[in-house]
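Here are my notes on this one, point by point. Have the model open next to you while you read.

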Amino acid sequence: MKRVNILSRLEKTGVVAVVRGATKEEALKASHAIIEGGMTGIELTFTVPQAAEVIKELVGIYGDRPDIVIGAGTVLDAVTARLAIMAGAQYVVSPSFNRETAELCNLYQVPYLPGCMTITEVQEALKSGADIVKLFPGSVYGPSIISAFMAPMPQVSIMPTGGVNLDNMADWFKAGAVTVGVGGDLLAPATFGDFQKVTETARRYMAKLKEIKG
């Protein structure tokens, strides 16, 4: 039930913020700014220094809010996945499919979202228990690839990441995305310390999502 609950909450977020940062402090401030802007899905990547500590701190602050889902991103192996899960990550995202990571996440009943680019990779991910497939990088294909994947595999749930922005987000949802991952334009102001701009951009994404979902 825990896994189903997290998946339901993750889908309800609509937009997942892929948080990177040059320092632990930058990633924390960016995450707070994003949540202040109304965005409730956070994917804290393991490119962030002391990423497990950041996840633990975010879960400690927002863990009692059922609308907020904190996950780990850029998880390349099972060792890192376990570190993330022990820190409190509620879901695990990889840029590519890794069977050992899938098995570990299944063991702990934590949703695993592996990055896939081909129908073969999607099939292997589904066979290993992936609940949502991360289409990455989405910019390589564009929204039309979702319907192409879902024609032979209508059961697949897809989250495009990479290349999703305010201008094309509606196209991705129209194509069948269950949720989308965003990062570039959302996090860009954080590199200059402008976290208020991050909050403003997050609000624009949520307003756009409300418009799309009606």
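1. A word on terms first: the helices and strands below are DSSP runs, at least four residues (H or I) for a helix and at least two (E) for a strand, numbered from the N terminus. Keep in mind too that this is a predicted model. With that settled, Thr 80 sits in helix 4, which covers residues 78-87. Thr 80 counts as buried, at 16% relative accessibility. Its side chain makes a polar contact with the side chain of Asp 77, at 2.7 Å. Setting aside neighbours within four places in sequence, Thr 80 is in contact with Phe 46 and Val 75.

2. Now look at strand 3, residues 69-73. How many of its five residues are buried? Five of the five are, so strand 3 is largely enclosed by the rest of the structure. In a regular strand, side chains alternate between the two faces of the sheet. Here both faces are covered: Val 69, Gly 71 and Gly 73 are buried on one side, and Ile 70 and Ala 72 are buried on the other.

3. Staying with strand 3, its pairing with strand 2 (residues 41-45) is parallel and runs over five bridges.

4. On to the charged side chains. Opposite charges on side chains can pair when the charged atoms come close. The count here comes to six salt bridges. One of them joins Arg 3 and Asp 131, with the closest N and O atoms 2.9 Å apart. That pair links distant parts of the chain, 128 residues apart: Arg 3 is in helix 1 (residues 2-13), while Asp 131 is in the loop between helix 6 (119-127) and strand 6 (133-135). Arg 3 is buried, with a relative accessible area of 11%, whereas Asp 131 is partly exposed at 24%.

5. Glu 53 and Lys 24 also meet in a salt bridge, at 3.0 Å from N to O. Glu 53 belongs to helix 3 (residues 51-62) and Lys 24 to helix 2 (residues 24-36), so this pair ties together parts that are 29 residues apart in sequence. Glu 53 is partly exposed, at 39% relative accessibility, and Lys 24 is buried, at 16%.

6. The salt bridge between Glu 211 and Lys 208 has its closest N and O atoms 3.5 Å apart. How far apart are Glu 211 and Lys 208 in helix 10? They are three residues apart, which means a separation of about one helical turn. Glu 211 is exposed, with a relative accessible area of 58%, and Lys 208 is partly exposed at 23%. Elsewhere, Arg 99, Glu 124 and Lys 127 are linked in a network of salt bridges.

7. Helix 10 (residues 195-213) also holds Glu 200. Glu 200 is partly exposed, with a relative accessible area of 36%. The C-alpha atoms of Glu 200 and Gly 37 are separated by 6.3 Å, although the two residues are 163 apart along the chain.

8. Cysteines next. A disulfide is a covalent bond between the sulfur atoms of two cysteines. The count here comes to zero disulfides. Cys 105 is in none, and its nearest cysteine sulfur, that of Cys 116, is 14 Å away; the cut-off for a disulfide is 2.5 Å between sulfurs. Cys 105 is buried at 0% relative accessible area, and Cys 116 is buried at 1%.

9. Last, some backbone geometry to check. Most residues other than glycine have a negative phi, and most peptide bonds are trans. The bond from Phe 136 to Pro 137 is cis, with omega near -10°; Pro 137 is in the loop between strand 6 and helix 7 (144-150). Gln 50 has a positive phi, near 55°, and is found in the loop between strand 2 and helix 3. Gln 109 has a positive phi of about 55° as well, and lies in the loop between helix 5 (99-108) and strand 5 (112-116). Gln 50 is partly exposed at 45% relative accessibility, and Gln 109 is partly exposed at 38%.

Key: Residues numbered from 1 in each chain as written. Predicted model: local features only at pLDDT ≥ 70, side-chain atom pairs only at ≥ 80, totals over all residues. Heavy atoms only, no water. Buried < 20%, exposed > 50% of the residue type's maximum accessible area, 1.4 Å probe, protein only. Salt bridge = Lys/Arg side-chain N within 4 Å of Asp/Glu carboxyl O. Polar contact = N/O pair within 3.5 Å; in protein donor to acceptor, adjacent residues only side chain to side chain. Contact = heavy atoms within 4.5 Å. Pairing = 2+ DSSP bridges.
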